[in-house]
Amino acid sequence: MGADIELLKAFFSEGGEILERLELDLQRMENTPADDELLNSIFRSLHTIKGNSSFLSLDNITKLSHAAEAFLDRARKKELVISAGAFEVLQKVLDCLKKMILDQETNLDVSALVLEIHQITKGGS
């Protein structure tokens with residue numbers, strides 16, 4: 001049990017650092033949406049959060065980060081572009097992840113936001 005608590009503490013600590021980087025990258029992306037290196041950095045941040053949260057069975061964090069990661073993967077493959085609307089959804093993802101990781105509110109209902117991500121992913125914008 002103590003090991004699990006230590007792993008959770010490490011996740012929340014590392015998650016906070018990743019979210020800081022993610023927030024800065026999203027701010028930069030607003031000015032340079034076609035920057036592939038920046039897109040890859042954002043993707044990697046979400047991928048790390050997804051993997052670590054999955055390992056710890058933090059299902060809502062995993063679902064949300066997975067949906068955002070899938071959207072960004074399509075953008076990386078040039079199958080869609082990140083429109084202003086899509087950028088707003090990514091900002092919502094960041095805000096929700098902050099609540100779940102920084103405030104440790106891991107039971108937030110993310111279903112509406114995940115659906116919104118799926119809609120922009122399928123819509124291609």
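## Thr62, a buried residue in α3

Thr62 has 16% relative accessibility, so it counts as buried. The cut-off for buried is under 20%. This residue sits in helix α3. The model discussed here is predicted.

Thr62 has contacts beyond its sequence neighbours. Leaving aside residues within four places, it is in contact with Lys50, Ser53 and Ser54. The C-alpha atoms of His47 and Thr62 are separated by 9.4 Å. Along the chain, these two are 15 residues apart.

His47 belongs to helix α2. Its relative accessibility is 40%, so His47 counts as partly exposed. Thr62, at 16%, counts as buried.

## Helix α3

Helix α3 runs over residues 59-76. It has 18 residues. From first C-alpha to last it reaches 25 Å, close to the 26 Å expected at 1.5 Å a residue.

Which residues of α3 are buried? They are Asn60, Ile61, Thr62, Leu64, Ser65, Ala67, Ala68, Glu69, Phe71, Leu72 and Ala75. An α-helix has 3.6 residues a turn, so residues three or four places apart point the same way.

Leu64 and Val93 are 29 residues apart in sequence, yet their C-alpha atoms are 7.3 Å apart in space. Not counting residues up to four places away, Leu64 touches Val93, Cys96, Leu97, Met100, Val110, Leu113, Val114 and Ile117.

Phe71 is another buried residue of α3. What does Phe71 touch, not counting residues up to four places away in sequence? The list is Leu80, Ile82, Ala86, Leu90, Ile117, Ile120 and Thr121. Ile117 is touched by Phe71 and by Leu64.

## The nonpolar core

The largest nonpolar core has 39 residues. Those with the most contacts inside it are Leu64, Phe71, Leu72, Ile82, Leu97 and Ile117. The elements giving two or more residues to this core are α1, α2, α3, α4 and α5. Helix α5 covers residues 111-123. The most comes from α4, with 10 residues.

## Helix α4

The buried residues of α4 are Ala86, Phe87, Val89, Leu90, Val93, Leu94, Cys96, Leu97, Met100 and Ile101.

## A cavity among the helices

How many cavities of 30 Å³ or more does a search of the whole structure find? The search finds one. The largest cavity has a volume of about 40 Å³. Its lining is made of Leu22, Leu26, Ile42, Leu46, Leu90, Val93 and Leu94.

Which helix gives the largest share of the lining? That helix is α4, with three residues. The lining residues divide into seven nonpolar, no polar and no charged. Leu90, Val93 and Leu94 line the cavity and are also among the buried residues of α4.

## The loops

Leu56 is in the loop between α2 and α3. Leaving aside neighbours within four places in sequence, Leu56 is in contact with Leu7, Leu8 and Phe11. Leu56 and Ile117 are 61 residues apart in sequence. Their C-alpha atoms are 23 Å apart in space.

Lys78 is found in the loop between α3 and α4. Is Lys78 buried or exposed? At 56% relative accessibility, Lys78 counts as exposed. The cut-off for exposed is over 50%. Lys78 is not a glycine, although its phi is positive, at about 65 degrees. This residue comes just after α3.

Gln104 lies in the loop between α4 and α5. Its phi is near 55 degrees, a positive value in a residue other than glycine.

Terms used
Residues are numbered from 1 along each chain as its sequence is written. This is a predicted model: local features need pLDDT of at least 70, side-chain atom pairs count only at pLDDT 80 or more; totals for chains, interfaces and linings use all residues. Side-chain values use heavy atoms; hydrogens and water are left out. On a 1 Å grid over the protein atoms alone, a cavity is a set of points where a 1.4 Å probe fits but cannot get out, and a pocket is an open set with protein on both sides within 12 Å along at least five of seven lines; lining residues have an atom within 4 Å of a point. Grid points are joined across faces, edges and corners, and a volume is the space filled by probe spheres set on the points. Helices (H or I, at least four residues) and strands (E, at least two) are DSSP runs, numbered from the N terminus. Ala, Val, Leu, Ile, Met, Phe, Trp, Tyr, Cys and Pro count as nonpolar, Asp, Glu, Lys and Arg as charged, and the others, Gly among them, as polar. A nonpolar core is a set of buried Ala, Val, Leu, Ile, Met, Phe, Trp, Tyr and Cys residues joined through side-chain atoms within 4.5 Å. Buried means under 20% relative accessible area, exposed over 50%, partly exposed in between (1.4 Å probe, protein chains only). Contact means heavy atoms within 4.5 Å. The expected span of a helix is 1.5 Å times one less than its number of residues.
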